[in-house]
Structure formats: structure tokens, C-alpha cells
Amino acid sequence: QVQLVESGGGLVQAGGSLRLSCAASGNIFRINNMGWYRAAPGKQRELVAGISRTGFTNYADSVKGRFAISIDNAENTVTLQMNSLKPEDTAAYYCNAEVGSRMGYWGQGTQVTVSS
């Protein structure tokens with residue numbers, strides 16, 4: 001019932017920047033949280049950054065100071081600005097949204113590759 005459309009993945013050199021966006025649409029009364037997760041090859045999916053509708057943020061230690069997450073409540077859109085990218089940031093990135101009913105939804109994933 002809820003669709004998450006992701007954009008912004010790609011190939012960049014180490015030290016570069018990339019911006020991921022995710023827009024939620026469908027049967028949404030309200031968003032509790034939105035966030036980005038990533039799964040590198042051979043590793044389990046992990047939280048990169050999350051944000052509540054009130055603007056509370058949570059970052060993985062590995063990205064603190066480099067990534068910034070923001071939310072547009074009117075558009076149900078979350079953006080992840082990724083700066084100073086490192087090769088270890090290479091992964092498939094997945095958008096997640098938790099709506100008011102506490103139901104969670106996932107995007108299809110977008111690939112981020114950082115070359116050294």
C-alpha cells in the first residue's frame with residue numbers, strides 16, 4: 001500500500017559526494033520515522049541514518065560527521081547527503097519508512113559504489 005521511490009545512487013570517487021532521496025506515497029496517514037540502511041557484500045543490513053518526523057536523527061558511528069539526513073514531512077521525502085565518501089561506504093542502500101500504524105516499508109534499493 002506504500003511505495004518508496006529511491007534515487008541518487010551511483011559511482012563516485014573517494015572523497016566525493018552523493019545525495020540519496022526517497023519519496024513515500026500511498027496509504028500514509030503519518031510517518032513516524034524514515035531512514036536509510038545499507039548492505040555491503042557479505043554483510044547484514046545495517047542502519048546508516050534515521051530521522052523522526054520531528055527531526056530527531058540517528059547515525060551509524062561510521063558515518064557521523066560525513067552524512068546528513070533530513071525529512072520533508074509535507075512531501076514524505078527523506079534525503080541523505082553523503083560527503084567525504086569512502087570505499088567502505090560501497091553498498092546497496094535501502095530506504096525505510098515506518099508509518100503511524102508501525103508498519104514498515106522498504107524501497108527496492110539503490111547501489112552506491114565508491115572507488116579508491
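A salt bridge is a side-chain nitrogen of Lys or Arg within 4 Å of a carboxyl oxygen of Asp or Glu. Arg38, Glu46, Arg66 and Asp89 are linked in a network of such bridges, and the structure holds four salt bridges.

This is a predicted model, in which local features need pLDDT of at least 70, side-chain atom pairs count only at pLDDT 80 or more, and totals for chains, interfaces and linings use all residues. Residues are numbered from 1 along each chain as its sequence is written, and side-chain values use heavy atoms, with hydrogens and water left out.

**Salt bridges**

| Glutamate 46 | Arginine 38 | 3.1 Å |

Strands (E, at least two residues) and helices (H or I, at least four) are DSSP runs, numbered from the N terminus.

Buried means under 20% relative accessible area, exposed over 50%, and partly exposed in between (1.4 Å probe, protein chains only). Arginine 38 is buried at 6% relative accessibility, and aspartate 89 is buried too. Glutamate 46 is partly exposed at 31%, whereas aspartate 61 is exposed at 65%.

**Nonpolar core**

A nonpolar core is a set of buried Ala, Val, Leu, Ile, Met, Phe, Trp, Tyr and Cys residues joined through side-chain atoms within 4.5 Å. The largest one has 31 residues, of which Trp36, Leu80, Met82 and Tyr93 touch the most other members. Strands that each supply at least two residues of this core include S1 (2-7), S3 (18-26) and S11 (110-115). S9 gives the most, with five residues. Contact means heavy atoms within 4.5 Å. Not counting residues up to four places away in sequence, leucine 80 touches Trp36, Val48 and Phe67, among others.

**The whole chain**

The protein chain has zero helices and 11 strands. Buried residues make up 42% of its 116 residues. Of the contacts with a separation of 6 or more, 53% join residues 24 or more positions apart. The C-alpha atoms fill a box of roughly 45 × 25 × 20 Å, taken along the principal axes.
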